[in-house]
Amino acid sequence: MSTLTLRCVKAAFVALALGIGLGAWFAIDRAPGAWLRPLHAEMNLWGWTTLLIYGMAYHMLPRFAGRPLRRARLAEAQSWLAIAGVALIAIGWVGVVNAVPLAQAVLVAGGALQVAAAALFALLIGELLAR
């Protein structure tokens with residue numbers, strides 16, 4: 001597997017562990033769930049699911065299409081944007097819960113990175129699958 005694929009898949013499993021860990025914590029103590037539910041959802045949906053989809057798509061779709069990605073370096077950048085977006089949103093949510101100044105700005109920045117990463121992914125895969 002390529003380093004691009006492995007990076008996305010490894011990051012996805014880190015997010016899965018954190019998301020499941022939060023869920024287990026909420027099962028033991030329901031109080032934090034009220035405040036940290038968005039973080040739990042973020043880690044499971046954007047972290048685990050989306051990063052895994054990126055990694056698996058970068059591995060499988062070029063093989064199915066019978067040609068490599070046209071812009072592999074842009075795909076590398078996309079993976080880092082996606083991972084950074086998940087990390088910034090996680091940091092932002094923890095900051096928002098703890099009333100840290102500028103935490104909302106960190107949260108918004110993470111969301112912007114995720115949107116940029118998703119748009120780049122769509123562009124890269126669209127180019128790959130276009131005839």
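The model is predicted. The protein has 4 helices and 0 strands. Along the sequence the pattern reads α-α-α-α. A search of the whole structure finds 4 aromatic pairs, and there are 2 salt bridges.

**Overall shape and surface**

- The C-alpha atoms fill a box of roughly 50 × 30 × 20 Å along the principal axes.
- The protein has 131 residues, and buried residues make up 40% of them.
- The exposed surface comes to about 7,300 Å². Carbon and sulfur atoms supply 73% of that area.
- Take the contacts between residues at least 6 apart in sequence: 75% of them join residues at least 24 apart.

**Nonpolar core**

- The largest nonpolar core holds 26 residues.
- Within this core, Met43, Leu51, Tyr54, Tyr58 and Leu69 touch the most other members.
- Helix 1, helix 2, helix 3 and helix 4 each give two or more residues to this core.
- Helix 2 gives the most, with 8 residues.
- Met43 has contacts beyond its neighbours within four places in sequence. Its partners are Ala15, Leu16, Leu18, Gly19, Leu22, Trp48, Val86 and Ala90.

**Aromatic pairs**

- A pair of aromatic rings is described by the distance of the centres and the angle of the planes.
- Tyr54 and Phe121 form a tilted pair, at 4.6 Å centre to centre with 45° between the planes.
- Tyr54 lies in helix 2 and Phe121 in helix 4, so this pair ties together parts that are 67 residues apart in sequence.
- Tyr54 and Phe121 are both buried.
- The ring centres of Tyr58 and Phe121 are 5.5 Å apart, with the planes at 80°, so this pair is edge-to-face. The cut-off for that class is over 60 degrees.
- Tyr58 lies in helix 2 and Phe121 in helix 4, so the pair ties together parts that are 63 residues apart in sequence.
- Tyr58 and Phe121 are both buried.
- Ring pairs link Tyr54, Tyr58 and Phe121 into a cluster.

**Salt bridge Glu76–Arg7**

- Side chains of opposite charge can pair when their charged atoms come close.
- Glu76 forms a salt bridge with Arg7, and the closest N and O atoms are 2.8 Å apart.
- Glu76 sits in helix 3 (residues 72-97) and Arg7 in helix 1 (residues 3-28), so the bridge ties together parts that are 69 residues apart in sequence.
- Glu76 is partly exposed, with a relative accessible area of 25%.
- Arg7 has a relative accessible area of 18%, so Arg7 counts as buried. The cut-off for buried is under 20%.

**Salt bridge Arg71–Glu127**

- Arg71 forms a salt bridge with Glu127, and the closest N and O atoms are 2.2 Å apart.
- This pair links distant parts of the chain, 56 residues apart. Arg71 is in the loop between helix 2 (31-65) and helix 3, while Glu127 is in helix 4 (residues 103-129).
- Arg71 is partly exposed, with a relative accessible area of 36%.
- Glu127 is buried, with a relative accessible area of 15%.
- Not counting residues up to four places away in sequence, Glu127 touches Arg70 and Arg71.

**Helix 4**

- Helix 4 has 27 residues and should span 39 Å at 1.5 Å a residue. Its end C-alpha atoms are 39 Å apart, which agrees.
- Buried residues in helix 4 include Ala103, Leu107, Gly110, Gly111, Gln114 and Ala117.
- Further along helix 4, Leu120, Phe121, Leu124, Ile125, Glu127 and Leu128 are also buried.
- An α-helix has 3.6 residues a turn, so residues three or four places apart point the same way.
- The cover over the buried residues of helix 4 includes helix 2 and helix 3.

How values were computed. Residues numbered from 1 in each chain as written. Predicted model: local features only at pLDDT ≥ 70, side-chain atom pairs only at ≥ 80, totals over all residues. Heavy atoms only, no water. Salt bridge = Lys/Arg side-chain N within 4 Å of Asp/Glu carboxyl O. Buried < 20%, exposed > 50% of the residue type's maximum accessible area, 1.4 Å probe, protein only. Contact = heavy atoms within 4.5 Å. Core = buried A, V, L, I, M, F, W, Y, C linked by side-chain atoms within 4.5 Å. Phe/Tyr/Trp six-rings, centres within 6.5 Å; stacked < 30°, edge-to-face > 60°. Areas by Shrake-Rupley, 256 points an atom, 1.4 Å probe, with all protein chains shown as cover. Expected span 1.5 Å × (residues − 1).
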